[in-house]
Amino acid sequence: MKLEVVLRISPREASDEKFYRPLVAKKMKVAPESITYMQVVKRSIDARKAPVFVQLHIEAYADVKPPAPQAISFEYPDVSNAPEVVVVGAGPGGYFAALRLIELGLKPIVLERGKPVSDRKRDLALLNRNQGVNPESNYAFGEGGAGTFSDGKLYTRSTKRGDFRKVLEVFHFHGASEEILIDAHPHIGTDRLPGVIKGMRESIIKVGGEVHFDTKVTDVILENDKITGVVLENGDKVEGRAVVLATGHSAKDVYYLLNDKKITLEAKTWAMGVRVEHPQEMIDQIQYHSAKGRGDYLPAASYSLSCQQVDRGVYSFCMCPGGFIVPAMTNENEMVVNGMSPARRNSPFANSGMVVEIRPEDIGEHQNKGVLGGLEFQQELERLAFVNGGRGVVAPAQGLADFVDGKLSFDLPECSYIPGLIASPMHFWLPEHIGKRLQKGFSYFDKRARGFVTNEALVVGVESRTSSPVRIPRDKFSLQHLQISGLFPCGEGAGYAGGIASSAIDGERCAEKAYEYISGKALTQ
């Protein structure tokens, strides 16, 4: 007998098979020793109110031979002599596009402006020691893209646009834990993701694909509104049957290049604000409704908060339980922060972006810059944070309660941000339409999560790169640029994704449409 059993049980009961085996047997109406095989296929936590429950979906067999384990495997064909497609960017959009192109019999040539992930780590170590920003190798640029060193969360709402399960399986095949196939909110961990990304690169190269680092694209080759390749910083040309443009949300030079070439761009809504950090124990107490926190059997708690303030959304973004705040600027004279968590989420701190929706009409005089005005406004805020911080990569910060009350902070609590903080009146210098909405939003969140607003927590500035203010428009069906045939804008930088998983899904979709464009054959869905 085979049965899928759903259990809603205590965290302790869910922690070990010896506790939940009798419960599964009871559901199946068999003796525990009759169960020949059990596998958790989905796990989630219900912490909406006390007591907290864990829900397990378990595939169980009783009185029959258990099935043979089915290892996840991907067979990639040799594409050494196949038609070539240029893929610009080695983030999740670019790498998943490359692997899907290989599956479809095309050869990807991946061009990445930054360094391999192992070399990139060294530049990040220097950055964290306030020894300067490498504009081509930082938390945004380099193998794996911005996601490699910003937590590795794989949750997405984009499942209707692609195969989310396959994305998880590809990550698992290349070294991610099996847990990502089970958890409702899967997470690889910023400490493990670099190895996974390296494994994906090796799969691409092993079958004849190419991956080139320190290779910056500075121009595109166009013939009668058709793209035939790209030009590199050293003047070399790389040609292909199509180009997948997966450059990420921080590659501002790409937007300026396209704009200079009269290639259509669009302004879009995005969000900016601050990063908030609490002691993880405090978030555990709030979210698990217990003064004892998470106890022995629950993971570090996370949260998701949102509200409307003066006709704009205010919401948490990229919440990192048991994590760290990191410097995420891409040039000198900028201050940008982001968050990340290791796989074990064992830092004593919890941080999250807290951002305000920004519409094109909100950027004041920068609207005069046209479609790129949002980039100018974004850059102005990052420079403002740099000036009001400690210069270098020392970040401006303020007690959360002081920020809400509009008071100066004279003493700052301990923080995970390695380069260091300087007390700054962020309520005063943040643009009013951001700062005032954040103050109101925090007050609202404190009513929903009592104790959230406290000076044991910090606001650190600024969180400005949740996404790009610019979209590279594409046809709804062919995914090609509206003006340039053979150009497939992809992922976060193009405005069609908002994280690792959605970028990966979009990369696969762009690869499929590139195949259809090159072959003239429609893929069956």
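Predicted model: local features only at pLDDT ≥ 70, side-chain atom pairs only at ≥ 80, totals over all residues.
Two packed helices are described by the angle between their axes and the distance between the axes. Helix α3, residues 92-103, packs in this sense against two other helices. With helix α5 (residues 164-173), the axes of α3 come within 12 Å and cross at roughly 95°. Angles of 65 to 115 degrees count as roughly perpendicular, and α3 and α5 are therefore roughly perpendicular to each other. On the α3 side the contact is made by Phe-96, Leu-99, Arg-100 and Glu-103, and on the α5 side by Lys-166, Val-167, Val-170 and Phe-171. By class, five residues of this contact between α3 and α5 are nonpolar and three are charged, with no polar residues.

The crossing of the two helices, α3 and α14, is right-handed. From α3, the contact draws on Pro-92, Gly-93, Phe-96, Ala-97, Arg-100 and Leu-101; from α14, it draws on Ile-500, Ser-503, Ala-504, Gly-507, Glu-508, Ala-511, Glu-512 and Ala-514. The residues of the contact of α3 with α14 divide into eight nonpolar, three polar and three charged. Phe-96 and Arg-100 of α3 take part in the contact with α5 and also in the contact with α14.

In soluble globular proteins, nonpolar side chains tend to be buried together. The largest nonpolar core of the model has 61 residues, of which Val-274, Met-335, Met-354, Leu-430, Leu-438, Phe-442 and Phe-452 touch the most other members. Met-335, leaving aside neighbours within four places in sequence, is in contact with Met-329, Glu-382, Ala-385, Phe-386, Gly-392, Val-393, Val-394, Ala-395, Pro-396, Tyr-417, Gly-461 and Val-462. A second, separate core has 50 residues, including Phe-74, Leu-168, Val-170 and Ala-504. Val-170 of this second core belongs to the α5 side of the contact with α3, and Ala-504, also in the second core, to the α14 side of the contact with α3.

Ala-328 lies in the loop between strands β15 (324-327) and β16 (337-340). Its relative accessible area is 9%, so Ala-328 is buried, the limit for buried being under 20%. Not counting residues up to four places away in sequence, Ala-328 touches Tyr-139, Val-336, Val-337, Asn-338 and Arg-465. Val-356 is 28 residues from Ala-328 along the chain, and the C-alpha atoms of the two are separated by 19 Å.

Methods: Residues numbered from 1 in each chain as written. Heavy atoms only, no water. Axes fitted to C-alpha atoms, helices over the stretch in contact; angles between N-to-C directions. Helix = DSSP H or I, 4+ residues; strand = E, 2+ residues; numbered from the N terminus. Parallel < 35°, antiparallel > 145°, perpendicular 65-115°, else oblique. Contact = heavy atoms within 4.5 Å. Nonpolar A, V, L, I, M, F, W, Y, C, P; charged D, E, K, R; others polar. Left-handed = near helix turned anticlockwise from the far one by under 90°. Core = buried A, V, L, I, M, F, W, Y, C linked by side-chain atoms within 4.5 Å. Buried < 20%, exposed > 50% of the residue type's maximum accessible area, 1.4 Å probe, protein only.
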